[in-house]
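Here's a quick briefing to read alongside the model. Have a look at the structure first, then go through the points below.

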Amino acid sequence: MSPKTLYDKIWDAHVAHEADDGTCLLYIDRHLVHEVTSPQAFEGLRMAGRKVRAPEKTIAVPDHNVPTTPDRVNGIENPESRIQVEALDKNAKDFGIHYYPVNDVRQGIVHIVGPEQGWTLPGMTVVCGDSHTATHGAFGALAHGIGTSEVEHVLATQTLIQKKSKNMKVEITGKLQPGVTAKDITLAVIGETGTAGGTGYVIEYCGEAIRDLSMEGRMTVCNMAIEGGARAGLIAPDETTFEYVKGRPHAPKGAQWEAALNWWKTLFTDEDAHFDKVITLRGEDIAPVVTWGTSPEDVLPITATVPQPEDFEGGKVEAARRSIEYMGLEAGQKLSDVEIDTVFIGSCTNGRIEDLRAAAEILKGKKIKDGMRAMVVPGSGLVRAQAEEEGLAEIFKEAGFEWRLAGCSMCLAMNPDQLQPGERCAATSNRNFEGRQGRGGRTHLLSPAMAAAAAITGRLTDVRELM
Amino acid sequence: MEKFDKVHGVAAPMPLINIDTDMIIPKVHLKTIKRSGLGVVLFDEMRYHDDGQENEEFILNKPAYREAEILVAGDNFGCGSSREHAPWAIKDFGIKVVISTSFADIFFNNCFKNGILPIVVEEEHHAVLMEDAQKGENARMTVHLEDQQITTSDGVVIAFDIDPHRKHCLLNGLDDIGLTMEKDHHIDKFEDHASQARPWV
């Protein structure tokens with residue numbers, strides 16, 4: 001038998017039908033649903049008189065436009081947001097799918113809730129109408145975002161019509177330097193490949209620096225595979241994975257656990273398996289990074305300066321010029337001189353307990369800069385509860401951060417948490433597009449520790465100076 | 001779904017690379033529970049000033065391009081989120097074909113589900129098409145799906161590739177779900193097998 005990649009193995013285990021031209025029906029093990037990309041899909045089912053084929057494999061949670069202020073227990077003020085959330089309430093009930101409503105302590109960002117509850121397991125296929133579904137690849141699950149028509153397709157048939165992607169390997173060798181995190185790895189990779197570098201591929205991340213990451217860190221890395229253009233990101237499951245999964249509410253138990261474990265241990269890329277593209281970075285070479293522009297590929301070490309548009313080639317020259325103008329920066333300006341108005345810690349990229357610990361470590365005993373607006377939005381109610389138990393919430397509050405309820409919040413600004421035109425934000429989220437965090441808002445992506453450092457000094461800051 | 005055959009219409013040039021789904025349709029317009037009516041907010045933040053007035057400089061606001069049916073766009077078009085509101089807005093505006101050197105994966109898939117034809121062309125052909133699109137309302141291109149050809153306003157013919165299954169579905173306006181349900185017995189069989197092999201799923 002020819003050697004297979006991890007992606008090949010998971011793919012092969014889920015093909016329900018293959019047509020002569022290679023178009024496959026891929027069986028979906030877990031379908032995660034949220035309020036923004038699903039209403040039209042459920043409406044489509046109703047109009048066609050169709051049912052959800054596998055409600056027991058379908059999990060819904062509202063996250064994108066739920067308010068994160070404590071008053072949300074009294075209901076959602078924005079009428080359009082409220083209608084979307086109420087539509088999900090109704091759809092979950094009518095179609096009999098698992099549901100975590102907005103005031104359930106287990107509610108949170110769908111990509112944090114899935115793993116936390118043990119829905120996401122190694123070797124599964126996982127989809128959601130959200131591009132950051134790539135997050136679940138951290139478990140060695142084939143996970144990717146889909147559009148609303150495909151949401152409807154999966155609801156109706158539990159399959160997706162797919163053609164196989166190519167295999168790409170991203171290896172991070174060696175050890176990371178102090179102050180360098182999973183977020184810096186994933187941004188550095190996008191800086192290397194560009195936002196279209198992964199188009200047509202499924203990425204497998206490997207190497208010592210990846211192995212050394214916790215599950216939280218691995219989720220951060222895979223989460224942004226989509227920003228590199230890849231369909232999905234994967235990390236082979238190992239003891240770290242099994243340890244994380246064990247005992248979670250929906251993880252297998254007893255004899256089933258043993259059976260599952262036996263299969264999961266076969267989920268690795270065989271020696272000599274073929275990759276169509278290989279990228280290797282040395283862990284030691286990765287610095288704490290920030291983005292300067294309006295594409296996640298606009299990444300530089302914090303010690304660098306804003307580039308000259310002329311340093312680029314082709315269409316990127318104009319794109320860089322436009323970015324620098326939009327961001328209100330000057331070419332040649334030191335990134336560490338860029339002053340910040342707002343700090344946002346949260347999102348499916350960096351809203352997990354380890355992210356809050358990393359930020360709190362920097363903030364302990366310190367205050368944020370006068371006039372700074374700073375908020376922490378935990379990724380789920382359970383992350384929030386754990387952070388309170390560990391005393392992290394107190395550190396944030398004493399430093400001057402707002403301590404919010406769980407949701408997507410200012411990552412995409414569909415709820416009231418938005419930037420004003422020209423407001424500059426250091427954000428632990430995943431996209432720095434024009435207007436992403438609010439019309440005219442300016443976003444610099446960075447790690448939670450770097451975000452905490454920026455909150456203290458009021459400017460983009462090399463976290464190593466505060467360690 | 002409507003059958004896709006041939007488009008003969010104005011092509012609008014948008015050479016900017018990495019046009020993301022937030023640019024195509026900002027999140028404030030994702031709060032709908034319908035698929036229709038989004039054309040008016042397509043490219044919202046580029047198309048309108050803060051006071052809601054049209055930005056005359058924006059390509060689709062120029063008289064020559066207001067009725068554009070084809071978009072010739074820069075590299076990596078549609079990157080970002082999975083929101084199908086992006087192709088819904090494009091379709092609702094009246095654009096039926098988007099041509100670029102590359103597309104983001106999810107956006108590319110979403111186009112086919114909505115009767116939009118995304119075409120990937122080589123850089124040299126892209127340059128020819130972009131130049132043709134700059135000619136304004138005289139730039140009437142023809143996109144012929146059956147023949148897999150784009151014809152520029154001066155008669156230059158450029159062939160393009162398309163997945164045969166997707167071509168078939170577009171040409172015949174086929175609904176994916178209906179097609180898949182015809183293969184229900186394969187799905188049943190897979191589920192029987194998988195429930196034995198991986199009962200914990």
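Helix H13 (residues 353–363) of chain A is largely enclosed by the rest of the structure, because eight of its eleven residues are buried. Buried here means that 20 or more other C-beta atoms lie within 10 Å of a residue's own; 12 or fewer makes it exposed, anything in between partly exposed, and the C-beta atoms are placed from the backbone. Helices (H or I, at least four residues) and strands (E, at least two) are DSSP runs, numbered from the N terminus.

Keep in mind that this is a predicted model: local features need pLDDT of at least 70, side-chain atom pairs count only at pLDDT 80 or more, and totals for chains, interfaces and linings use all residues. Residues are numbered from 1 along each chain as its sequence is written, while chains are lettered from A and ligands numbered from 1 in the order in which they are written.

**Helix H13 and what follows**

- The buried residues of H13(A) are Ile353(A), Asp355(A), Leu356(A), Ala358(A), Ala359(A), Ala360(A), Ile362(A) and Leu363(A).

**Positive phi without glycine**

- Ser347(A) isn't a glycine, yet its phi is positive at about 90 degrees.
- Ser347(A) belongs to helix H12 (residues 347–350) of chain A, and it is buried, with 28 other C-beta atoms within 10 Å.
- Asp272(A) is another non-glycine with a positive phi, about 70 degrees.
- You'll find Asp272(A) in the loop between helix H10 (254–264) and strand S12 (277–282) of chain A, and this residue is exposed, with 7 other C-beta atoms within 10 Å.

**Helices H6 and H8 of chain A**

- Helix H6 (residues 182–193) and helix H8 (residues 215–223) of chain A have axes that come within 8 Å and cross at roughly 20 degrees. That makes H6(A) roughly parallel to H8(A).
- For the angles, axes are lines fitted to C-alpha atoms (for helices over the stretch in contact), and values run from 0 to 180 degrees between N-to-C directions. Under 35 degrees counts as roughly parallel, over 145 as roughly antiparallel, 65 to 115 as roughly perpendicular and the rest as oblique.
- On the H6(A) side, the contact is made by Ala182(A), Lys183(A), Ile185(A) and Thr186(A), and H8(A) brings Gly217(A), Thr220(A) and Val221(A). Being in contact takes C-beta atoms, placed from the backbone, within 7 Å.
- By class, those contact residues split into three nonpolar, three polar and one charged. Ala, Val, Leu, Ile, Met, Phe, Trp, Tyr, Cys and Pro count as nonpolar, Asp, Glu, Lys and Arg as charged, and the others, Gly among them, as polar.

**Ala188 of chain A**

- Ala188(A) also lies in helix H6 of chain A, and it counts as buried, with 22 C-beta neighbours inside 10 Å.
- Leaving out residues up to four places away in sequence, Ala188(A) touches Leu281(A), Ile286(A), Val289(A) and Val299(A).
- Ala188(A) and Phe396(A) are 208 residues apart along the chain, and their C-alpha atoms are separated by 28 Å.

**Chain B overall**

- Chain B has eight helices and seven strands, and its C-alpha trace spans about 60 × 40 × 25 Å along the principal axes.
- Of the 201 residues in chain B, 47% are buried.
- Among contacts in chain B with a separation of 6 or more, 67% join residues 24 or more positions apart.

**The sheet of chain B**

- Seven strands form an open sheet in the order S4-S3-S2-S1-S5-S6-S7 (chain B), with mixed pairing. Strands pair if DSSP finds at least two bridges between them.
- Strand S4 (117–120) and strand S7 (157–159) of chain B stand at the edges with a single partner strand each, so one side of each is left without a neighbour in the sheet.
- Strand S1 (residues 6–14) and strand S2 (residues 70–73) of chain B pair in the parallel sense over four bridges. Ala12(B) stands opposite Leu71(B), and Met14(B) has Ala73(B) as its bridge partner.
- S1(B) pairs with strand S5 (residues 140–144) of chain B in the antiparallel sense, over five bridges; there, His8(B) has Thr142(B) as its bridge partner.

**Where the chains meet**

- Chain B puts 46 residues into the contact and chain A 58 residues.
- The side of chain B that touches chain A has 19 nonpolar, twelve polar and 15 charged residues.

Key. Contact = placed C-beta atoms within 7 Å.
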